[in-house]
Amino acid sequence: MATITNDPIEVPVHEDQKVRTLTLNDRCDGPKCGAAALVKVSGVSGELLFCGHHYNKYEESDNMKKFAFDIVDERWSMQGENRLKAD
Ligand SMILES: [Zn+2]
């Protein structure tokens, strides 16, 4: 007998080699921003999320270089449509 599930949206992506780990629920930690996060920076004291705009702004800063030990950069996902056309 089939069962109907109401699982939260959590779709495994197999058709693309790039898998997003950030979701639309992840929001930029930039001041008064709240845009969808595209970059996750893991640091010694926690994680920070950035939209493309704020990551561009902070990525070269000294504070970022001291803080970050792992960066998940998913800015590529913004250009998904263009990338398909370019290919
Ligand atoms: Zn932002």
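Which residues form the largest nonpolar core? I looked this up first, taking a nonpolar core as a set of buried Ala, Val, Leu, Ile, Met, Phe, Trp, Tyr and Cys residues joined through C-beta atoms within 7 Å. I counted a residue as buried if 20 or more other C-beta atoms lie within 10 Å of its own, as exposed if 12 or fewer do, and as partly exposed in between, with the C-beta atoms placed from the backbone. The core has ten residues, namely Cys 28, Ala 37, Leu 38, Val 39, Val 41, Leu 48, Leu 49, Phe 50, Cys 51 and Tyr 55. Strand 1 and strand 2 each supply at least two residues of this core, and strand 2 gives the most, with three.

**Source and confidence.** I noted that this is a predicted model, in which local features need pLDDT of at least 70 and side-chain atom pairs count only at pLDDT 80 or more, while totals for chains, interfaces and linings use all residues. Residues are numbered from 1 along each chain as its sequence is written. For pLDDT, the predictor's confidence in each residue from 0 to 100, I found a mean of 82 over the protein chain, with 71% of its residues at 70 or more. Over residues 80-87 the pLDDT is below 50, and beyond near neighbours in sequence this stretch has zero contacts in the model; a contact here is a pair of residues whose C-beta atoms, placed from the backbone, lie within 7 Å.

**Layout of the chain.** I found three helices and three strands in the protein chain, where helices (H or I, at least four residues) and strands (E, at least two) are DSSP runs numbered from the N terminus. Read along the sequence, they follow the pattern β-β-α-α-β-α. Of the 87 residues in the protein chain, 14% are buried.

Strand 1 and strand 2 form a hairpin with two residues between them. I followed Val 39 to both sides, where its bridge partner in strand 2 is Phe 50 and Asp 73 stands opposite in strand 3. For Ser 42, the bridge partner in strand 3 is Asp 70.

**Single residues.** Leu 49, one of the core residues, touches Asp 26, Arg 27, Cys 28, Asp 29, Ala 37 and Lys 40, not counting residues up to four places away in sequence. Glu 59 sits in the loop between helix 1 (52-58) and helix 2 (62-67), and it counts as partly exposed because it has 15 C-beta neighbours inside 10 Å. The C-alpha atoms of Glu 59 and Val 41 are separated by 9.8 Å, with the two residues 18 apart along the chain.

Technical notes: Two strands pair if DSSP finds at least two bridges between them. Two residues are in contact if their C-beta atoms, placed from the backbone, lie within 7 Å.
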